[in-house]
Amino acid sequence: MSSTSPRLTRRATTRLVLGVVLATAAIAGCGAPNDSGGGDAKGDLQVGTLFPTSGTVAAAGTDMLRGWRLWFKLNGSEVAGRKIVAKQEDTAGDPTVTLTKARKLVQQDQSKLLVGPLLANEAYALAGYLKQNKEIVGLNPVGSSDDLSQRKSVTNYVKAGGWVSSAPTHPAGEWAADKGWKRVITLCSDYAFGYENCGGFTNTFTDRGGKVVKQLYAPIGTSDYSSYLSQIDPDKVDGVFVQSVGADSPNFIKAWSDLGLKGKVPLIANETTFEQSTLRGIKNNDPVGLESFGHFAEGRDSRATQKFVSEFKKEYGALPSYYACATYTAGQWLTAALKQVKGDTSDQQTFLSTLRGIKLGDSCFGPLSLDRYGGPVGNVYLRKVVRNEQGELVNQVEREYRNVSQFWKYNPQQFLAQPVYSRKYQGVDWPSR
Amino acid sequence: MSASSWAPRARWIALGAAVVLLAALPYLVASFTVNLATQALIFGLFALSINVLAGYGGMITLGQAGFIGVAGYGVAILTTQQGWPLGAAIVGALALCVAAAAFFGLLLVRARGTYFVMITLAEGMVVWGIAQRWQELTGGENGITGVPKPSFAQEYWQYYYVALVVVAVCTLLIARLVRSPLGLSLKGIREAEDRLAPLGYDVARHKLAAFTISGFFAGVAGVLLAMYNSFIGPSDVFFLTSAEGLLMSILGGVGTLTGAFVGAGVVIFIENDVSSWLARWQTLLGVVFVLVVLFAPDGLVGAWARYVWAPLLRRLGAGAEAAAVEAATSTASAAVVGGDGDGGRAAVTAPAAPAAPAASATASRPEEARSS
């Protein structure tokens, strides 16, 4: 049996190739197609939000959406003569989806601003997109990767209401040293956010002569922390620093109590371990009395914070997490910037420099501004989990650190000359003494 | 026989219209739709590479995204970290991909059915594991940003044309492959592997060649994807991407050439367009898939051939061709419904006759009958 009709196939091939080439040549002569740009500078301000409302971080992403919407519900979406129209697209916690949705928001919905996303890898992907599309402005209230405002910062991606992973843990290391801790074990999630949290603590703790005897890393999705906690000998350490995130946090909190380490070994945690989105779901008292360092404390005694907390509770029936405060502050930030430029976003440079120059006297976080590298400068709180009169678990402020920048007390140039915190580099031998 | 001359002419008219439509797309629709079309082309090529193995060769693969990884990361690393010019990086990445496909293929030549599937799954996930964990090389879960596009294709519509031409050329190459002796022996492997060896065919070598070629085309898709997103990350390499590619080719029609693109188009459209107004879009995708498997086991292209094209041919007076098309599709569904003799084979089978487009059977069958 012959190979089916070779003559037809060859003719078919030639015709098809010819067709495609001719068509392409004809098109090339036509020039660029008509493409609608990124909206005009006077009408509605189109904003695209990239919050992950599905996938593993759906709970946090939903809080982001709620915080954002709450600001505009309370303060109105008409600012300086512009109406802010927001469209939400779900990034599902995936960087490729983030890019696709970003393109959709810009090309189909004419977004001029993009707000979000959540995870570090999503944020890096979006930063890459923004770098290539300079006419779009990105606001990053949650993506805390150190390098996004350090070695890999992108001018049109602004940490409006944002933070830096290692910023709250730098003071934690000094605090531990002040308490007289000499030997510490760190336990962090085995990815960039974990390395940056542990790095901040380890860097400052070792500067004061402390010794991190062991660094444990648990992969995301760890349901059973016992294999890590069993490596902690109460007689051989003065304290433990822990960072956990998302669904891992309740697992850690449970294991810490169940294995009898609570009360026996002093613990200091990062923000996300005792985050409201975790605390909401805990019915027992395992987290009560435990301390952490973070840039948000829902129990903070300030009008801005308490107004936000009570309005959020009224609207959504739950206490807000820092994710909600972050996007709420992003709304506040954008509103302030629009007022300063009197609603005129036509000059990208002016609008960007205004955004980068915003100084909030107070917000649900506290006072907030950006340094010249685009890194947030604001308060860091030593917090303790308590159960309030309504029976809710909240983070109360024990101590306030003001004007904390991403470089802590280090010289920025020297700090940036070092690599970003990673599994290999935790600042143990830096600065050299 | 003027009636039967209508059939091939109608097919060429349809094909010509499709070419013109694809070429003129950026002038007809909004930029976002052009972007979706670019993605559909890239994933269509990816699904087609799976089709070559699964549809024509009967070898289901669940690790094809590994080749997106090798080629995509190859291009990304060579350009952003090693400073290679883009052209050289693409060549290097594809060479690496072919080497990986040959290596993985060697592990597969003696495997059949379920074992074949499991090994491909493992191979794909090995690549994912490297992408996810070898932070210094691949950026870990952050992936690699800043992958350049060709200097002449910086605009979204220019890149669309690049993708269109590349995918068109690859599709034509695959079409030639499928009709070549190697392609026919692939069908032999699918239908009755045990009978080929005594006939003197080196089955292992044919399988290896098919796997390597299929991996190459998946690598081309990977290069196109990395440049399109200017980014490559572990999720592009994950098992779900492989599964999605298989799903696209089944949806469109396993064993067809156009089926891969139809399936890719449907999935991309639901994922991107429908998802913005329907929160349960994944449910919709699942329902579509189940309906296709139940009522159109030859995929959407097969259903089109049977329920639209054949009646149309009959209307045009080409009754013989219409019957041939229907015979082709019913043989296909018989193969699916009846299952196959070899218990170790994977559950999904392919239509017995190649159909690319489905109506090509109409023109070739009379010639086949005459020449054989």
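The buried residues of helix 10 of chain B pack against helix 2 (31-56), helix 3 (65-80), helix 5 (113-133), helix 11 (258-272), helix 12 (281-295) and helix 13 (299-315) of chain B. This is a predicted model, where local features need pLDDT of at least 70, side-chain atom pairs count only at pLDDT 80 or more, and totals for chains, interfaces and linings use all residues. Residues are numbered from 1 along each chain as its sequence is written, while chains are lettered from A and ligands numbered from 1 in the order in which they are written.

A few terms used below:

- Helices (H or I, at least four residues) and strands (E, at least two) are DSSP runs, numbered from the N terminus.
- "Contact" is used for two residues whose C-beta atoms, placed from the backbone, lie within 7 Å.
- "Buried" asks for 20 or more other C-beta atoms within 10 Å of a residue's own, "exposed" for 12 or fewer, and "partly exposed" is in between, with C-beta atoms placed from the backbone.

**Helix 10 of chain B**

- Among the buried ones are B:Thr241, B:Glu244, B:Leu247, B:Met248 and B:Leu251.

**The rest of chain B**

- Chain B has 15 helices and 2 strands, and 53% of its 372 residues count as buried.
- Take the contacts in chain B between residues at least 6 apart in sequence: 75% of them join residues at least 24 apart.
- Helix 11 and helix 13 of chain B have axes that come within 7 Å and cross at roughly 115°. Axes here are lines fitted to C-alpha atoms, for helices over the stretch in contact, with angles running from 0 to 180 degrees between N-to-C directions.
- Helix 11 and helix 13 of chain B are therefore roughly perpendicular to each other (angles under 35 degrees count as roughly parallel, over 145 as roughly antiparallel, 65 to 115 as roughly perpendicular and the rest as oblique).
- On the helix 11 side of chain B, B:Thr258, B:Gly259, B:Val262 and B:Gly263 meet B:Gly299, B:Leu300 and B:Val301 of helix 13.
- That contact of helix 11 with helix 13 of chain B divides into 3 nonpolar, 4 polar and no charged residues (Ala, Val, Leu, Ile, Met, Phe, Trp, Tyr, Cys and Pro count as nonpolar, Asp, Glu, Lys and Arg as charged, and the others, Gly among them, as polar).
- B:Leu78, found in helix 3 of chain B, counts as buried with 21 C-beta neighbours inside 10 Å. Not counting residues up to four places away in sequence, B:Leu78 touches B:Trp84, B:Ala89, B:Gly92 and B:Ala93.
- B:Val162 lies in helix 7 (residues 156-179) of chain B and counts as partly exposed, with 19 C-beta neighbours inside 10 Å. Leaving aside neighbours within four places in sequence, B:Val162 is in contact with B:Pro150 and B:Ala153.

**Chain A overall**

- Chain A comes to 13 helices and 14 strands.
- Its radius of gyration is 25 Å, close to the 22 Å that the globule rule gives for 433 residues, so chain A is as compact as a globular protein of that length. The radius is taken over C-alpha atoms, and the rule is 2.2 Å times the number of residues to the power 0.38.
- Of the 433 residues of chain A, 51% count as buried.

**Helix packing in chain A**

- Helix 2 (residues 58-75) and helix 10 (residues 303-316) of chain A pack at about 105°, their axes 11 Å apart. That makes helix 2 of chain A roughly perpendicular to helix 10 of chain A.
- The contact is made by A:Arg66, A:Leu70 and A:Leu74 of helix 2 and A:Glu311, A:Phe312, A:Glu315 and A:Tyr316 of helix 10 of chain A.

- The A:Gly116 to A:Pro117 peptide bond is cis, with omega near -15°.
- A:Lys342 is not a glycine, yet has a positive phi of about 55°; with 9 C-beta neighbours inside 10 Å, A:Lys342 counts as exposed.
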